[in-house]
Amino acid sequence: MHYWLISAPAENGSKEETWKRLNAATAELSQNYKMKIPELRVGTLDSLMSLSDDLERIDRHVESVVHRIEKELHEHAGGEEPTVDGTPVERFTTAFEWDQARYPVKSTLNELVSMIHDIVARIDDELKAKLIDYNQLKSSMGQAERKMQGGLNQRTIVDIVRKEHVISSEKLTTVFLAAPKFAVKDFLATYEKWYEFTTDKGAINAVVPKSALKLDEDNEFELYRVVVFKNAEEEFKSKARENRMTVRDFTYTDGQATADTDERNKLKQDTEKAWSGLVRWSKTSYSEAMRAWIHLKAIRVFVESVLRYGLPPTFQAMLVRPGKNDTKVRKALLATFGHLSAGGVSKDAEEAPAGGTKFYPYVDVDLKVLSMVSDD
């Protein structure tokens with residue numbers, strides 16, 4: 001939702017007259033709303049000019065934080081539209097009321113801006129920390145789940161191999177192989193003769209006869225256990241690879257399957273807890289950041305209006321939502337408020353130098369809320 005937060009001096013001393021002129025000029029082109037900004041403490045001209053430069057920078061930072069939290073809510077809360085303490089963002093923005101309790105008008109402008117900056121900086125730091133924690137858990141959970149996925153040639157086999165499948169002694173050890181289904185017949189017919197080693201008693205097959213035991217299968221592979229002599233283990237594995245087997249390097253540890261399952265369950269619980277915590281925090285912090293941002297926009301308009309129109313601050317602040325009529329509304333505003341420019345209506349932004357800052361004869365501050373929502 002895209003708005004222009006504009007201001008113009010009170011026409012003939014009447015803010016209402018300025019408001020009427022806006023509505024008459026943009027009838028049926030835009031939705032317009034009055035913005036109520038209290039009379040804030042002005043200070044010196046030098047302090048206003050210095051603050052004006054700081055406000056633009058701080059505004060960009062606050063906007064980025066608001067939209068990042070909105071993005072997190074959009075991704076993690078099922079596309080749920082955020083609110084400001086239960087009030088729809090559009091209504092909160094268009095019916096803005098200065099929050100005297102949070103931002104007392106007796107404070108100086110610099111103090112108010114500092115309050116907003118500190119609030120949003122804290123929220124920004126918390127957001128970064130929470131995202132790091134959540135993404136680390138999510139990554140660990142993804143790794144744990146990937147271990148259980150894929151074919152028997154790559155997924156973990158810790159949940160398949162049981163203690164009775166493993167033979168381990170001074171001379172014998174166990175090798176696990178994933179055999180492609182098209183090669184299973186040849187494997188079973190030949191594996192006992194893949195390698196022989198020589199002893200003082202003659203040549204001995206590296207494999208214990210009939211030790212191949214099928215443990216599991218999927219669409220493409222069958223998992224086998226084979227018992228071999230330790231001193232021929234590596235040679236047998238090499239022959240297995242030559243015969244299109246995938247050697248699964250695996251060391252059985254009693255209780256590891258249960259431990260891995262417990263770890264996955266804990267990771268899942270921790271990830272879900274972090275996710276729900278992030279969503280709750282985002283909803284609360286969005287309200288706080290959005291409220292701070294609109295107050296900052298109001299301060300920007302106040303400062304720019306005093307610098308543009310002088311003292312006392314008698315101007316009307318107005319929200320304009322042009323929808324898809326940007327060009328027509330700009331022309332209507334130029335026709336209505338063009339006289340405010342020292343050079344007349346020709347000073348409109350359309351004639352600004354290429355790449356230069358747009359200038360309008362009236363104060364104009366851009367405001368885009370709910371960046372994930374189209375502005376139909």
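This is a predicted model: local features need pLDDT of at least 70, side-chain atom pairs count only at pLDDT 80 or more; totals for chains, interfaces and linings use all residues.
Biologist: Why does Lys 328 count as exposed?

Modeller: Its relative accessibility is 55%. Buried means under 20% relative accessible area, exposed means over 50%, and partly exposed lies in between (1.4 Å probe, protein chains only). Therefore Lys 328 counts as exposed.

Biologist: How far apart are Lys 328 and Leu 296?

Modeller: They are 32 residues apart in sequence. In space they are 28 Å apart, C-alpha to C-alpha.

Biologist: Now strand E5. Why is E5 called mostly covered?

Modeller: Take its residues against the buried cut-off. In E5 (residues 172-180), 9 of 9 residues are buried. So E5 is called mostly covered. Leu 172, Thr 174, Phe 176, Ala 178 and Pro 180 point one way. Thr 173, Val 175, Leu 177 and Ala 179 point the other way.

Biologist: Why do side chains in a strand point two ways?

Modeller: In a regular strand they alternate between the two faces of the sheet.

Biologist: How do you know that E5 pairs with E9 and with E10?

Modeller: Two strands pair if DSSP finds at least two bridges between them. E5 has 9 bridges to E9 and 3 to E10. So both pairings count. Both run antiparallel. Val 175 stands opposite Val 226 in E9. In E10, Ala 178 has Thr 246 as its bridge partner, and Phe 176 has Arg 248.

Biologist: Which strands are the edges of that sheet?

Modeller: The open sheet has 4 strands in the order E8-E9-E5-E10. Its edges are E8 (213-217) and E10 (246-248), since each pairs on one side only. The twist averages 30° from one strand to the next. Axes are lines fitted to C-alpha atoms, for helices over the stretch in contact, and angles run from 0 to 180 degrees between N-to-C directions.

Biologist: Which helix lies across E5, E9 and E10?

Modeller: Helix H6 (residues 233-242) does, running at about 5° to E5. Contact means heavy atoms within 4.5 Å.

Biologist: What makes E11 (residues 315-321) a mostly covered strand?

Modeller: In E11, 7 of 7 residues are buried. Both faces are covered, with Phe 315 among the residues on one side and Gln 316 among those on the other. E11 also has antiparallel partners: 6 bridges join it to E1 (residues 2-9), and 5 join it to E2 (residues 31-35). Ile 6 stands opposite Met 318, and Tyr 33 opposite Leu 319.

Biologist: What are the residues lining the largest pocket, by class?

Modeller: The lining divides into 7 nonpolar, 2 polar and 14 charged residues. Asp, Glu, Lys and Arg count as charged; Ala, Val, Leu, Ile, Met, Phe, Trp, Tyr, Cys and Pro as nonpolar; the others, Gly among them, as polar.

Conventions
Residues are numbered from 1 along each chain as its sequence is written. Side-chain values use heavy atoms; hydrogens and water are left out. Helices (H or I, at least four residues) and strands (E, at least two) are DSSP runs, numbered from the N terminus.
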